[in-house]
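Reader: Hey, can you walk me through this one?

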Amino acid sequence: MIETAVALGDNRALSTVSARQVARAIRIGRNEGAAAERSLIRAAQGGSEEAVEALYRRHWPRAHRAAYLIVHDPAVAEDIAQEAFLAALRALDRFDWRRPFGPWLHRIAVNRAIDWARRRALRREVLPGESAATDPVEHPAAPHSDPAGGGARPVGEEMLAALAALPADQRGVVVLRYLLDYTPGEIASMLELPRGTVNSRLRRGLDRLGEALGEGIR
Amino acid sequence: MNEERLRELLRDAPVPDEAAAEERGLRVVQAAFEEHRPPRASSRRRSLLVAVAAAVLGLALLLTPAGAEVGDWIGDRLQIDDDQAAPALTRLPSGGHLLVDSRDGVWVVSPDGSKRRLGEYDEGSWSPNGRFVAVAGGHQLTAVDPIGNARWSLSRPRQVSLPRWSPSGYRVSYLSGDELRVVAGDGTDDRILDSEVAPVAAAWQPDLNPLLNEGDHVLAFADRDRVVRVVNADLGTELARASAADVTALDWSGDASELLVAGPRIVQVFDPGGGRLPKAEKRREPATARLLASSRSPAGARTTAAAFAPAGNSFALTRVLPPGAGGLEHSELVLVRRNAGELSERRLLLVSGAITDLAWSPDGDWLLVAWRDADQWLFVPLSGGRKLAVGNIGREFDPGGLGSTAFPSIAGWCCRP
């Protein structure tokens, strides 16, 4: 009925059915069903705040986390994730509800995060005696233990530091592949890159992560 | 380590302030959705309009000569040809005085088009009522009156640039090397505000904030990391900050509530606290400026200038568009309005080549842009009336020379009568 009401542009009909239907879509939505997501998108297109919140709750955590793992700045990651949602909202009435919402949102967020990280790397200050040309990474790779000899760092922190040491392009594909679980083909499409480039960035990224962590990634 | 372990680590890596960020984001999204939400009926009407527009565009494509682009087709109708441009600058629409930086020095242009050279300075900035100009040249910052008499001057060991006079008239900010400094309007009490900033002109908040202490001056600038910081310039305390994607220009809205942060690829509008900025001495941590809206340049395009209208929350920007199939670069002048979280654009001008500088007339009725590639200035009325083009601008500010190598920059259009 939601679909019918939306398709007819009938606000009155929508208002009489939306609460029950949206509640159902949200319940199903918690079960990750693609059909439920389509219902949420259509309900959101019909003006349902509840559906927007359900979509937000469903997709914010991974979009925000992906942005953070690429930019490594909490405030910037929050801004990027917010911007991605706002951009998605602005285009909601043009969105094809048959397509999944997540990849669309992730594409916006990850591209923005990579752009930001690239710019940040370009602005990196070069210290006296240091050559920017020979060291393209944004941050030095993290040591395996703290310099004060305080013992080994938790492996999660080591991984974050190692990830931060990757060039932004490699960080982006690693996050898309191993956090958001996209295939190399999907990543190639999202970043508008040849698939071979995605594969080589993934390989180089994993190699560098493995080196920094002191173990290979298979 | 295997790939599954990597997935687990990425999934479980700590993200600072994660839960609070989610709640903040939800409030922003809900507010934007509430203000943006369209009624369905109008959506259907809009779809019809879009369909009609698409049909018109399709017709345009059909009627366009083979190989030409739609952009060129539109451009031909908006472009002002050389032979339509006035050969000399003989008047300013809507009055006021222009300040112009040229290779030869800083100039003041009167409403009748006559020009006076203030001296061999690099760049200038009007005082709020146009009674003085702060000019930077080499290692000196100087205050001169509009006929060029120097009132005070100070020297710094490093190159002085980007002077900006506060709306109250009591402060002037400027850069010395990469230091941001502030001096009182009478040339006294010169002091450093930040030791490493980006080469972007600082922006004074209009002096309308009743909640700030009387006499406080609020300044926005971009620090070395391009974080935009809003500070009480008198106390040195930071009031708010915004993580901007990129910064080449900063400007406040006329009502002091919004801060425009423009970069080549993205334009963002922030609410740094506006009328709700608390008194500086009561604040311990700077607030995070709220992103109200943002707009990314089309692929390959870059924003070259942006400025708020003297009143209201509309702003104008100039944008260089990427070359089309014909290899021809275009530029556009766009008026941008913010409606909740959405920025809507209205194109005022599209020309071949690059347009760069941008200035609003004091009454907000006209925009002036520099069309460098055509050696012209274009005065564009917001009313949609006839545009005025003035040619030979290079020579106007290079009397006796050819004017071919030194196209001047528009530094300001002052002031309300």
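This is a predicted model: local features need pLDDT of at least 70, side-chain atom pairs count only at pLDDT 80 or more; totals for chains, interfaces and linings use all residues.

Reader: Ok, how many residues of chain B are in contact with chain A?

Author: 41 residues of chain B, and they meet 42 residues of chain A. Contact means that the C-beta atoms, placed from the backbone, lie within 7 Å.

Reader: And which part of B gives the most to that side?

Author: H2(B), with 11 residues. Helices (H or I, at least four residues) and strands (E, at least two) are DSSP runs, numbered from the N terminus.

Reader: New topic: is strand E14 of chain B mostly covered or open?

Author: Mostly covered, since five of its six residues, 227-232, are buried. Buried means 20 or more other C-beta atoms within 10 Å of a residue's own, with C-beta atoms placed from the backbone.

Reader: What joins strand E13 of chain B to E14(B)?

Author: Five bridges, and the two strands run antiparallel. Leu219(B), for instance, has Val231(B) as its bridge partner. Strands pair if DSSP finds at least two bridges between them.

Reader: What about the turn there, which residue has a positive phi?

Author: Arg226(B), at about 65°, in a hairpin with four residues between E13(B) and E14(B). E14(B) also pairs with E15(B), antiparallel over six bridges, and in that hairpin's turn Gly236(B) has a positive phi of about 75°.

Conventions: Residues are numbered from 1 along each chain as its sequence is written. Chains are lettered from A and ligands numbered from 1 in the order in which they are written. Two residues are in contact if their C-beta atoms, placed from the backbone, lie within 7 Å. A residue is buried if 20 or more other C-beta atoms lie within 10 Å of its own, exposed if 12 or fewer, and partly exposed in between; C-beta atoms are placed from the backbone.
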